[in-house]
Amino acid sequence: MSEAAILYDIPGPRAKRRDRALTAIFTLVFVAVIAYFAYALYKRGVFDDRWSVLTDPPKGQTAADVWGSLFRGIRATLSAAVVAAPAALAIGILVSTLRRGMRYRAARGSMVVITELARGLPVLLLMFFARFFLGWEPFWSVVFGLVVYNGAVVAEIVRAGLAALPRGQREAGLSIGLSTMRTTLIVELPQAIRVMLPALVSQLVVLLKDSSLGYIVSYEELLRIMKTNRDYFGDRYMIPLFVVGAGIYITINILVSRLAISLERRMRRSTQGPRSSGGALVVGQGAVPGSAAAGAGGAPFP
Amino acid sequence: METFIEEFGLVWGGFLATISLASVSGALALIWGTVLAAFRVSPIGPLRTFGTVYVEIVRNTPLTLMFFFWVFVVPSLGFVPHLGFQTAVISLSLYTSSFVCEALRSGVNAVGVGQAEAARSIGLGFGQTLTQVVLPQAWRTSIPPLISVLIALVKNTSVAAGFAFAEMVAISKRLTNLHSADAFFIFFGIGVMYLLITIPLGILASRVERRVAFAR
């Protein structure tokens, strides 16, 4: 808790005693609250045989059927994300490169307009557009929504990375006779992507989370499968199914978030270390401001 | 195009529904998020743990899953919130509060160590240091990310369309079912209505960001 430590002094004997008392009181309160909830759940029969849906389900189904369907759901969720993520990354990098490298003002302006429009719309509206206007399959509607929105966000992240580079990088490229486009491609882009890698990884979490919107456009992903199982077995079995499904979602997302945080930490260390070259050092310092997505410790943007 | 104009009453209703959902849950999320942020920097261990665990879990939960929880799971426990506006407000404010907390906390971290030290050295306690010295400064740094969180909230209200609340995206689906020939203009119009909210907010955020950057 290094950030908390600046707000209060290193506690003396009296403060220590007070803190210990408060810690004990609040721990007791929390334990009591949790115990009360557990008891309330028990009273409503949450811990009865309904968990058998995961081991020995009713209605002549086997556990393999239930888990198999959940597994299909995970695969559907992940496959939408796996198709959408590289496409969004490619589009985002393309748009931000064009925006930086093109010589014509109108062309650059149109890239700005495209990113702002795609960023300002709800993902679900984009999915509905693909589903009900273009008449696409649910899978491709989900991918469409994810790609358009996250492509725009990636473009914005890479733009912030490019803007944070020291001017000398661009000037050096131009002064050895590269065109603006080649300067962007060869000199600036690799550095910007490296700096923005944590933000790009945490955007993956957002993409993964948004794939659950497929539930609403009737794509057979994890959430929809949970609902189907619940409709088949009955409302009683909702809780075990939900605990499993939510556990899967949250575990995957926490793992990817952790990856983003560790990348960011590694990058901060490598730019501060004595071994790194002068260029990387300046890049590392200028990277954080100007980008809303990069700041908060690999926080996925809602 | 004509249907969009003819049915504008319906669209306007959806627009107002989106706005009211966003403002009610935004206000609640700001309050609860501030409390969580105070928990996360407080000297009391259990509160800190609670804040950290809450934010870590909720931030990594898909919003659709949160809606699903309040619409399908909680009623099976015997507590039945009103479907529609009420479940939407609960889900959106619980979800958004974790992002509000993170935005505020990064603001607190951005306040110089010397500020808190100076406050302590003139004898202010934890509460006074936080409310009189650190938070007023943290608040300013936090405004641009907070506006971004609110923009995301406006767009996130659309998830309520899948859970029986007639906001703008739900209206767009209803209208395209009725007038499928005009689907393009209906989506176009609804998209413009969203941009009318999100783009001015985005411009505001970047203005504020520039002013704060000068002040530092």
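Predicted model: local features only at pLDDT ≥ 70, side-chain atom pairs only at ≥ 80, totals over all residues.
Chain B is built from 9 helices and 0 strands, so that, by the DSSP assignment of helices and strands, the order of its elements from the N terminus reads α-α-α-α-α-α-α-α-α. Along the principal axes, the C-alpha atoms of this chain occupy a box of roughly 70 × 50 × 20 Å. Chain B comprises 216 residues, of which 46% are classed as buried.

The contact between the two chains involves 61 residues from chain B and 50 residues from chain A. On the side of chain B that touches chain A, at least two residues each are supplied by α3 (45-59), α4 (63-73), α5 (85-110), α6 (113-121), α7 (126-156), α8 (168-178) and α9 (183-215). Of these helices, α7(B) provides the largest share, with 11 residues. The composition of this side of chain B is 35 nonpolar, 19 polar and 7 charged residues.

Within chain A, the axes of helix α3 (residues 63-101) and helix α9 (residues 197-210) come within 10 Å and cross at roughly 135 degrees. Because of this angle, α3(A) is oblique to α9(A). The crossing of the two helices is right-handed. Helix α3(A) contributes A:Ala81, A:Ala84, A:Ala85 and A:Ala88 to the contact, while α9(A) contributes A:Leu204, A:Leu207 and A:Leu208. By class, the residues of this contact comprise 7 nonpolar, no polar and no charged.

Methods:
Residues numbered from 1 in each chain as written. Chains lettered and ligands numbered in written order. Axes fitted to C-alpha atoms, helices over the stretch in contact; angles between N-to-C directions. Helix = DSSP H or I, 4+ residues; strand = E, 2+ residues; numbered from the N terminus. Parallel < 35°, antiparallel > 145°, perpendicular 65-115°, else oblique. Left-handed = near helix turned anticlockwise from the far one by under 90°. Contact = placed C-beta atoms within 7 Å. Nonpolar A, V, L, I, M, F, W, Y, C, P; charged D, E, K, R; others polar. Buried ≥ 20, exposed ≤ 12 C-beta atoms within 10 Å, placed from the backbone.
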